There are 2 protein chains.
Amino acid sequence: VHKQNLAELTHKLDEMHPADVAYVLEALPLEDRLLVWDLVKAERDGEILLEVSDAVRETLIEAMNNRELVAAAASLDTDEIADLAPDLPKDVVQELMKSLDHAKRLQVESSLSYDEDSVGALMDYDFVTIRCDVTLETGLRYLRMLGDLPPQTDKLFVVERDGRLLGTLPLKRLLVHDPEAHVAAVMSDEPVTFHPSDEASDAAQAFERYDLVTAPVVDAKERLVGRLTVDVVLDYIRAESESDLLQAAGLREEEDLFTTVWKAAKNRWLWLGINLVTALIASRVVGLFEGSIEKLAALAALMPIVAGMGGNSGNQTSTLVVRGFALGLINKDNSKRLLAKELGISVLNGAVWGSIMGVVAYLLYRDAPLGGVTAMALGAVMAAAMMLNLIVAALAGYFAPAVIDRFGRDPAFGSAVLTTFITDSMGFFIFLGLATVFLL
Amino acid sequence: VHKQNLAELTHKLDEMHPADVAYVLEALPLEDRLLVWDLVKAERDGEILLEVSDAVRETLIEAMNNRELVAAAASLDTDEIADLAPDLPKDVVQELMKSLDHAKRLQVESSLSYDEDSVGALMDYDFVTIRCDVTLETGLRYLRMLGDLPPQTDKLFVVERDGRLLGTLPLKRLLVHDPEAHVAAVMSDEPVTFHPSDEASDAAQAFERYDLVTAPVVDAKERLVGRLTVDVVLDYIRAESESDLLQAAGLREEEDLFTTVWKAAKNRWLWLGINLVTALIASRVVGLFEGSIEKLAALAALMPIVAGMGGNSGNQTSTLVVRGFALGLINKDNSKRLLAKELGISVLNGAVWGSIMGVVAYLLYRDAPLGGVTAMALGAVMAAAMMLNLIVAALAGYFAPAVIDRFGRDPAFGSAVLTTFITDSMGFFIFLGLATVFLL
């Protein structure tokens with residue numbers, strides 16, 4: 001690249017929004033990414049590091065020395081420093097903390113103390129407070145004095161002298177009401193509030209339900225400690241849904257598109273290992289019936305269909321159940337009805353798809369030598385096995401998430417493996433078992 | 001239920017936020033749901049219908065007569081009427097349209113004319129405009145005169161007399177700047193804007209990137225036509241991620257937890273049908289080798305492992321590629337590197353997991369009678385087949401989304417089926433083929 005081009009590129013980067021620079025960095029292979037990263041103005045490093053994905057952030061941080069890292073992080077708000085800190089080398093974090101004043105250091109430490117999926121980890125400290133006994137006019141003058149409001153501000157937080165939250169004053173109301181009115185008369189005194197220990201996903205649901213833009217976070221004594229904003233909630237929701245998708249495929253950590261082969265492979269091993277074990281167990285079920293298969297090899301060709309249809313059907317059930325758990329829609333009163341419905345569907349589907357496969361199996365093997373077994377009987381076994389395995393699938397799809405949930409794990413992660421394991425093993429067992437008993 | 005209890009329940013429902021009533025309705029079986037629905041005040045029906053899921057909405061609408069439906073819908077904003085209209089009976093929509101004044105009817109019709117995944121379908125008409133040549137003081141007086149601002153309002157839209165958008169005036173700036181200043185001097189003159197035909201998912205990405213709360217929507221001539229708000233974007237993102245999860249399991253339409261068995265079963269048939277066809281083809285691949293399986297039934301027990309590991313590995317690749325497409329991160333320049341990386345991983349994983357399975361297969365069949373075949377040779381074939389099928393899996397996981405994308409379909413939907421189909425069929429073919437050539 002020529003010097004002139006580099007200068008042009010630098011200029012373009014300077015004019016781009018940090019999120020757009022982050023997007024460019026995501027799409028570039030490693031060496032190009034680091035080249036571009038060098039061209040970004042140092043004072044913007046911090047905000048861009050916040051925008052990139054975990055995997056890309058790691059590569060950028062590796063390319064920076066400690067001095068650069070401290071400078072980049074020091075330019076951020078305390079809640080942002082806390083977001084970045086877990087990815088920074090330990091000595092950088094220590095140096096950084098030393099460079100902060102006491103109040104800020106306390107904020108960073110408190111942010112870091114919360115679980116990463118809690119409101120405390122997502123909140124910021126960027127809010128404007130007002131007393132309830134002043135007039136709106138005074139409030140307006142106060143804001144003019146401040147000269148700027150924090151991003152996303154749609155309401156002021158009304159607090160007592162001791163920091164206790166009394167209510168919120170939406171900017172809308174501040175604007176349209178008589179300036180002579182008192183804050184106490186105009187404020188909303190039953191605002192939606194959160195506690196730092198609340199689960200982030202519950203807070204996200206509340207933001208969706210009540211169409212919030214910002215909300216106060218209070219401690220156990222109702223004292224204002226922070227603020228939650230919709231942009232952070234939006235990022236959280238997106239990150240969660242992405243990580244659900246990636247986890248469902250067994251990608252444990254976020255992988256950027258150009259992670260090294262070695263690192264990416266390791267990232268996928270746990271999943272492949274689990275699947276190897278379950279496949280091995282299913283294979284041993286088949287192994288039990290090797291004698292039957294030697295006599296009637298058609299069984300080997302038909303058995304993957306019984307297992308596969310069971311797996312698909314079971315995962316339809318488990319997806320619905322997992323979603324029901326996530327949304328908190330499933331309770332003691334309705335769970336039996338749900339199970340009854342899923343069993344009903346499986347019986348209906350078993351009749352439909354079992355019959356179809358019974359006929360197909362008959363047609364396929366009508367003219368084949370089956371060593372004394374009639375194609376009609378083979379079709380009947382196929383139909384019965386499909387029917388039974390779809391019922392197994394409904395039970396597995398229903399109970400797998402429930403059991404995983406009972407053990408305190410996220411059903412979204414393990415339900416598919418567990419359901420498929422059951423439908424595969426049972427599918428082989430039912431089909432080969434019926435065939436052994438009735439055909440051979 | 002006693003009368004007194006009903007009265008209490010009615011009272012509680014009246015005090016609940018519409019989104020909370022919707023949540024209660026979602027969790028109730030059909031008859032209880034309709035009972036509660038009857039207790040909800042008629043004037044709140046409209047807003048609650050907007051909050052429930054599609055499947056539950058259908059059940060509630062079925063229980064209402066035309067007069068009730070028209071009244072419920074007429075209480076809503078025009079953009080909300082347009083959201084509801086597709087679910088209402090045709091004669092209700094006609095009657096409803098007749099009851100609206102000309103301007104509103106035009107708004108509903110225009111909202112309905114946009115594709116459901118476009119900005120036009122998501123925008124509302126609830127914005128406050130201001131001229132650029134007035135002072136902030138005039139603006140403040142104007143707002144006080146309005147008495148209330150639309151929900152989510154964080155900025156006013158600055159327009160010319162002909163409706164052309166000049167910029168936006170964030171309420172923040174209106175509040176902190178000198179009231180004598182002119183709007184033109186204070187406004188932001190390069191706001192993020194959207195067109196009605198823009199894709200909703202692109203707009204959602206822009207809201208995330210630039211932390212927007214509201215944004216103006218303009219037509220081709222830069223005239224203001226609507227407004228996009230973060231609460232709608234949030235709902236859109238959530239609905240999309242839910243529908244991705246459901247679709248991945250082959251649940252075509254949203255199903256509520258208590259949909260009737262018959263309807264739910266039909267909802268799942270397309271997917272089961274597609275999977276039956278692919279399983280049947282894979283089964284025919286096995287059918288080709290029935291002679292080999294008769295001689296060595298161990299092949300039938302081992303073949304699902306080769307197929308299964310390929311499927312899992314292929315879906316890891318395809319998940320990453322689908323995500324790369326969705327985020328627009330994959331382009332001509334980097335696609336080859338991505339493919340090379342995935343192939344590299346598959347060779348590494350093939351070596352690791354192939355060796356493990358080779359050894360396991362040897363140990364399993366060491367003492368078994370294999371009709372002249374050595375367990376060592378069986379293990380070697382197993383290892384080679386795993387290795388080859390993982391390479392096939394990387395290719396399938398990479399090209400399946402690319403091909404589906406080329407055909408203009410959403411790769412998120414079909415990639416898993418296509419990838420699994422290829423890894424199953426090829427897994428059986430490679431393993432049984434190698435065994436037939438080298439062992440028998």
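User: How far apart are the C-alpha centres of domain 1 and domain 2 of chain A?

Analyst: The model is predicted. Chain A is divided into domain 1 (3-113), domain 2 (129-231) and domain 3 (261-438). Between the C-alpha centres of domain 1 and domain 2 of chain A, the distance is 31 Å.

User: Which helices of chain A do the buried residues of α5(A) pack against?

Analyst: Helix α5 of chain A covers residues 54-62. Its buried residues are Ala55(A), Val56(A), Arg57(A), Thr59(A), Leu60(A) and Ile61(A). The packing partners of the buried residues of α5(A) are α2 (18-27), α3 (30-39), α4 (45-51), α6 (66-74) and α7 (78-84) of chain A.

User: Which residues of α15(A) meet α14(A), and what is the handedness of the crossing?

Analyst: From α14(A) come Ala200(A), Ser201(A), Ala204(A), Phe207(A) and Glu208(A). They meet Val230(A), Val233(A), Tyr236(A) and Ile237(A) of α15(A). The contact residues of α14(A) with α15(A) are seven nonpolar, one polar and one charged. The crossing of α14(A) and α15(A) is left-handed.

User: How do α19(B) and α20(B) run relative to each other?

Analyst: Helix α19 (residues 332-365) and helix α20 (residues 375-406), both of chain B, pack with axes 7 Å apart. Their angle is about 155°. Angles over 145 degrees count as roughly antiparallel, so α19(B) and α20(B) are roughly antiparallel.

User: How many nonpolar residues are in the contact of α19(B) with α20(B)?

Analyst: α19(B) passes α20(B) in a right-handed crossing. Seven residues of the contact of α19(B) with α20(B) are polar and one is charged. The nonpolar residues number 23.

User: Is Val286(A) buried or exposed?

Analyst: Val286(A) sits in helix α16 (residues 261-288) of chain A. Its relative accessible area is 0%. The cut-off for buried is under 20%, so Val286(A) is buried.

User: Which residues of chain B does Val286(A) touch?

Analyst: Residues up to four places away in sequence are not counted here. In chain A, Val286(A) touches Ile293(A), Met303(A), Phe428(A) and Leu432(A). In chain B, Val286(A) touches Ala300(B) and Ala301(B).

User: What separates the C-alpha atoms of Val286(A) and Phe431(A)?

Analyst: Val286(A) and Phe431(A) are 145 residues apart along the chain. Their C-alpha atoms are separated by 10.0 Å.

Notes: Residues numbered from 1 in each chain as written. Chains lettered and ligands numbered in written order. Predicted model: local features only at pLDDT ≥ 70, side-chain atom pairs only at ≥ 80, totals over all residues. Heavy atoms only, no water. Helix = DSSP H or I, 4+ residues; strand = E, 2+ residues; numbered from the N terminus. Buried < 20%, exposed > 50% of the residue type's maximum accessible area, 1.4 Å probe, protein only. Contact = heavy atoms within 4.5 Å. Axes fitted to C-alpha atoms, helices over the stretch in contact; angles between N-to-C directions. Parallel < 35°, antiparallel > 145°, perpendicular 65-115°, else oblique. Left-handed = near helix turned anticlockwise from the far one by under 90°. Nonpolar A, V, L, I, M, F, W, Y, C, P; charged D, E, K, R; others polar. Domains from an automatic or database assignment.
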